[in-house]
Amino acid sequence: LPMLIGLYGFGLAFAALVFLGRRLKPGLPPVAHGIFLVAYLLGLTVLANTAHQVSVFILEFGFMGTKDFQANLAALHETHASISYISNEETIHHIPPGNIVIDALLGSGLNRALTGLTATVVMHLNNSGHEIISIDIPTGLFADKTSANNNIIVRATHTLSFQCYKLAFLMQESQEFIGYLH
């Protein structure tokens, strides 16, 4: 997170759009990290008394998510973050200029190519022209095998990875999706 502050000057006014998926299995990345990032960004707003805008877009899968996700979501509703749900193509909003997009949709457990609404959201993010920061791994990129035949992957400007590098970070065909790796 200090890298984000230095890179984007969060002491100034900014707007961040965080795209989250509902975590279906216990574990942290990337959804819990995405919710933590939202809390951190909101904390900067309070501490610095600046005009930070944080909007959260939650991709609906038809499941409630884990108990941890529900608890974090309840806490998020107590903040001044704008929370919206993406349940179909009509609920995918235009991304206004000047926003930073944070991809925390899916994590390293992905085992098949993206389809349906998730694929549509990823294409929307890629076509937005905004800088994208992926949490843990860009959505759609397989962590432990080639993604050469998978063409729907977030094209991140920066990827903030945790613990250790994923095998995908070392594959040539993944480089165009990872951006700067931190």
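Predicted model: local features only at pLDDT ≥ 70, side-chain atom pairs only at ≥ 80, totals over all residues.
Colleague: How many helices and how many strands does the protein chain have?

Modeller: Read along the sequence, the elements follow the pattern α-β-α-β-α-β-β-α-β-β-α-β. In total, the protein chain has 5 helices and 7 strands.

Colleague: Are the rings of Phe 19 and Phe 57 stacked or edge-to-face?

Modeller: A pair of aromatic rings is described by the distance of the centres and the angle of the planes. A search of the whole structure finds 2 aromatic pairs. For Phe 19 and Phe 57, the centres are 5.0 Å apart and the planes stand at 15°. Planes under 30 degrees apart count as stacked, and therefore this pair is stacked.

Colleague: How many residues apart in sequence are the parts that this pair, Phe 19 and Phe 57, ties together?

Modeller: Phe 19 is buried at 3% relative accessible area, and Phe 57 is buried at 10%. Phe 19 lies in strand E1 (residues 15-21), while Phe 57 lies in strand E2 (residues 53-59). The pair therefore ties together parts whose separation in sequence is 38 residues.

Colleague: Does Tyr 165, which forms an aromatic pair with Phe 169, count as buried or exposed?

Modeller: The rings of Tyr 165 and Phe 169 are edge-to-face, with 5.9 Å from centre to centre and 80° between the planes. Phe 169 is buried, with a relative accessible area of 5%. Tyr 165 has a relative accessibility of 53%. Exposed means over 50%, so Tyr 165 counts as exposed.

Colleague: Which element gives the largest share of the largest nonpolar core?

Modeller: This core has 22 residues, and those that touch the most other members are Phe 19, Ile 86, Leu 105, Leu 114, Val 121 and Leu 125. Two or more residues come from each of E1, E2 and helix H4 (116-127). The largest share, 5 residues, comes from H4.

Colleague: Which residue lies over the face of Phe 142?

Modeller: The residue concerned is placed at 4.6 Å from the ring centre of Phe 142. Its name is Lys 145.

Conventions. Residues numbered from 1 in each chain as written. Heavy atoms only, no water. Phe/Tyr/Trp six-rings, centres within 6.5 Å; stacked < 30°, edge-to-face > 60°. Helix = DSSP H or I, 4+ residues; strand = E, 2+ residues; numbered from the N terminus. Buried < 20%, exposed > 50% of the residue type's maximum accessible area, 1.4 Å probe, protein only. Lys NZ or Arg CZ within 6 Å of the ring centre and 35° of its normal. Core = buried A, V, L, I, M, F, W, Y, C linked by side-chain atoms within 4.5 Å.
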